[in-house]
Structures are given as structure tokens and as C-alpha cells.
Amino acid sequence: MTKPFKAAVLLFPGSNRERDVARALARAGAEVEIVWHDSERLPEGTDLAVLPGGFSYGDYLRCGAIAARARVMQAVGEHAARGGLVLGICNGFQILCEAGLLPGALMRNTKLKFICRMQTLRVETNRTRFARGYAEGQVVTYAIAHGEGAYMAAPEEVAALETSGRVAFRYCDASGGLNDAANPNGSLNHIAGVYNAGFNVLGLMPHPENLIDALTGGVDGRPMFEGLAAA
Amino acid sequence: MKTRVVVTLKPSVLDPQGKAIEGALKSLGLEGFASVRQGKVFDIELEGVEGEAAEALLRTACEKLLANTIVENFAVQHD
């Protein structure tokens with residue numbers, strides 16, 4: 001019998017989407033444990049560490065800045081360095097950038113509004129554990145809910161992301177087109193999510209965990225969790 | 001020892017908040033505002049550390065936490 005896929009969902013003070021992502025993973029067949037930010041290590045056999053959405057530490061100082069220095073983040077860094085999977089959603093993406101596990105920074109939306117709605121995204125690559133359930137170039141609908149989601153990085157960093165194919169998702173219109181109207185927060189190059197150099201760490205602003213049931217708006221998020229949890 | 005750390009956005013980084021403040025100042029009819037950039041000020045009291053060591057300590061604090069050096073610059077002020 002194969003070992004079940006094991007996910008650790010990290011909980012920081014002010015996280016609020018940990019149960020949603022835990023539910024999405026459990027429905028995909030994963031064994032899920034919620035892990036407090038003060039833990040020194042991840043549970044034995046953890047395959048995936050998840051940093052959920054929310055407002056860790058009330059977004060004090062900068063979004064994700066304080067959580068990025070939490071004790072458990074040392075263990076997350078070591079897990080990532082070993083090639084372990086790490087997924088950061090929304091505030092989790094901000095934390096991964098602040099922790100230096102992903103390049104760049106998430107800044108205030110250029111139109112200064114907190115945006116909460118459905119958003120179409122283009123899957124830029126499917127050659128990763130996270131996106132293998134999608135087709136390359138597929139347009140999916142996820143939810144977005146953030147005030148600081150404008151992705152920014154130094155020009156040479158953005159160029160490196162582009163040439164190495166590490167842009168995971170881009171904000172797009174319903175047919176996959178990139179234009180200003182389809183860029184909700186002013187992100188550079190429409191970037192909605194990025195991978196690290198090893199493609200084992202993914203951070204994205206949109207919420208795939210919202211879209212796992214037709215009853216609540218759609219199922220476009222399911223392939224991500226199924227792709228992760230499947231052997 | 002009383003010290004102050006000032007964190008500002010790098011000039012290349014967009015500052016929509018500063019822009020909004022600039023617009024509000026202009027809408028008050030105040031003239032002469034060419035641009036506004038918003039930053040942060042930290043007033044920090046140090047104990048048992050002075051001079052160059054204080055400077056070094058504050059710089060470390062900025063690099064490790066107070067500033068995100070990808071998008072922000074910092075300046076340290078002390079007596």
C-alpha cells in the first residue's frame with residue numbers, strides 16, 4: 001500500500017483560510033494536519049507545506065513580514081531546500097516572498113482597492129506537480145481577495161522568471177488574452193503566481209481552494225489539489 | 001539612546017498611496033505639491049549600545065525585518 005500524501009497547513013495568528021485549503025486537500029485524498037507557527041519542525045513525513053490565506057499578524061509592518069520570521073519558517077525553508085513541496089496562497093504568497101523563498105514582493109494594488117471577485121487566469125506551464133492537472137495555456141477561474149497583490153520584482157529578476165518559465169499563472173481575460181483591463185492589481189507582466197528555481201515552491205495570489213465544489217462557484221481549483229495528492 | 005529609522009519606497013517602485021495623498025492635497029487647493037511618496041518612521045530606543053555598534057545594530061534590524069530591501073530603502077538616524 002502506498003503511503004498517503006501528507007500535507008501540513010501552517011497556522012499563523014490571523015490566518016483565516018486554513019480550513020478551506022485543508023478541506024480541498026482532504027477531498028483530493030491527502031492526509032492533512034494543521035501546524036501552529038511556533039512549531040520547530042513539520043510533522044514527520046510531510047510532503048507539502050501550505051501557507052494559507054488570511055491576514056497574518058494583521059498585516060502589520062508589511063503583509064507577511066512578521067509571519068515570515070516565525071519559528072516554523074526555518075523548517076519550511078529546510079523542507080523546500082530538500083525539494084519538498086511548498087504552496088503559498090494569497091497571504092501565504094506574501095509570506096514566501098518576505099521569507100526569500102520566492103523572488104519579488106507584493107505591493108498595494110495600483111488602484112488602491114481591496115478586490116474580492118472571480119478572476120480568470122492562464123496556466124503558463126503544466127510541467128509541475130501543482131499544475132499537472134491542467135493543460136498549458138488553459139484559462140481557469142479562481143477567486144481573488146486581496147489589497148496587496150501587485151507583483152513586483154527587479155527587472156533582472158522578472159527577466160529571469162520569464163526566461164526560465166517560472167511564471168505559474170497570469171491574470172487574463174476570458175479567452176486568455178492579456179490586457180490592462182484583465183490585470184486587476186497592476187502586477188508586472190500580469191503575474192499572478194511564480195515558482196522557485198526548483199519548481200517545488202509555488203506562490204499565487206488567487207485562491208484555488210475556493211473552487212472545489214460546483215455548489216460554491218466552480219471546480220477549477222480541484223486539479224491543483226488532485227495533482228498534488230495523487231501518487 | 002533615542003534613534004530613528006526611516007524606510008522609504010525605492011524611487012523605481014510605484015506608490016499608489018502617495019499618489020492618492022498627493023491628489024487629496026491638490027484637491028484641498030494647496031499649491032506647490034509636485035509629488036508625494038509615503039514611507040515609515042520607526043522611533044527606537046536602544047539600551048547598552050552606542051556609536052558604531054548602534055549603527056550596525058539598526059542596519060541589521062532594517063535588513064532583517066524593518067525594510068524589504070527588494071522594494072524599500074532605509075536610513076538610520078542617531079545622536
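Predicted model: local features only at pLDDT ≥ 70, side-chain atom pairs only at ≥ 80, totals over all residues.
1. Overall form of chain A. The secondary structure of chain A consists of five helices and eleven strands. Its C-alpha trace spans about 45 × 40 × 35 Å along the principal axes. For 231 residues, a compact globule would have a radius of gyration near 17 Å, and the 16 Å of chain A agrees with that. Buried residues make up 54% of the chain. Of the contacts in chain A with a separation of 6 or more, 75% are between residues 24 or more positions apart.

2. The sheet of chain A. Nine strands of chain A form an open sheet with mixed pairing, and their order is β2-β1-β3-β4-β11-β10-β9-β6-β7. At the edges stand β2 and β7 (139–146); each has a single partner strand, so one side of each is left without a neighbour in the sheet. On average, neighbouring strands of this sheet are turned by 25° against each other, direction ignored.

3. Strands β1 and β2 of chain A. In which sense do β1(A) and β2(A) pair? They are parallel, and six bridges join them. Two of the residue pairs can be looked up directly: A:Ala7 stands opposite A:Val32 in β2(A), and A:Ala8 stands opposite A:Glu33 in β2(A). Strand β1(A) is mostly covered, with five of its six residues buried.

4. Helix α2 of chain A. This helix covers residues 72–81, and its buried residues are A:Val72, A:Met73, A:Ala75, A:Val76, A:His79 and A:Ala80. Seen down the axis of α2(A), these buried residues fall within an arc of 155°, so they line one face of the helix. On the face turned away from the buried side are the exposed residues A:Glu78 and A:Ala81. What do the buried residues of α2(A) pack against? They pack against five strands of chain A: β1 (6–11), β2 (31–36), β3 (48–51), β4 (85–89) and β11 (201–204). After the helix comes A:Gly83, whose phi is positive, near 95°.

5. Overall form of chain B. Chain B has two helices and three strands, and along the sequence they follow the pattern β-α-β-α-β. The radius of gyration of chain B is 16 Å, well over the 12 Å that the globule rule gives for 79 residues, so chain B is more spread out than a compact globule. Along the principal axes, its C-alpha trace spans about 50 × 25 × 15 Å. Of the 79 residues, 11% count as buried. Residues 24 or more positions apart account for 67% of the contacts in chain B with a separation of 6 or more.

6. The sheet of chain B. The three strands of chain B form an open sheet in the order β2-β1-β3, with antiparallel pairing. Strands β2 (39–45) and β3 (72–78) stand at the edges with a single partner strand each, so one side of each has no neighbour in the sheet. The twist averages 20° from one strand to the next. Strand β1 (residues 2–9) is joined to β3(B) by seven bridges, and the two run antiparallel. Within this pairing, B:Leu9 has B:Glu72 of β3(B) as its bridge partner.

7. Helix α2 of chain B and B:Leu66. Helix α2(B) lies across β1, β2 and β3 of chain B, and runs at about 155° to β3(B). B:Leu66 lies in this helix, which covers residues 51–66. Is B:Leu66 buried or exposed? It counts as buried because it has 23 C-beta neighbours inside 10 Å, and the cut-off for a buried residue is 20 or more. Leaving out residues up to four places away in sequence, B:Leu66 touches B:Val5, B:Val7, B:Phe42, B:Ala61 and B:Phe74. B:Val7 is 59 residues from B:Leu66 along the chain, yet their C-alpha atoms are separated by 7.7 Å.

8. Where the chains meet. In the contact between the chains, 13 residues of chain A meet nine residues of chain B. By class, the side of chain A that touches chain B has seven nonpolar, two polar and four charged residues.

Technical notes. Residues numbered from 1 in each chain as written. Chains lettered and ligands numbered in written order. Contact = placed C-beta atoms within 7 Å. Nonpolar A, V, L, I, M, F, W, Y, C, P; charged D, E, K, R; others polar. Helix = DSSP H or I, 4+ residues; strand = E, 2+ residues; numbered from the N terminus. Buried ≥ 20, exposed ≤ 12 C-beta atoms within 10 Å, placed from the backbone. Arc of directions from axis to C-beta. Rg over C-alpha atoms; globule rule 2.2 N^0.38 Å. Pairing = 2+ DSSP bridges. Axes fitted to C-alpha atoms, helices over the stretch in contact; angles between N-to-C directions.
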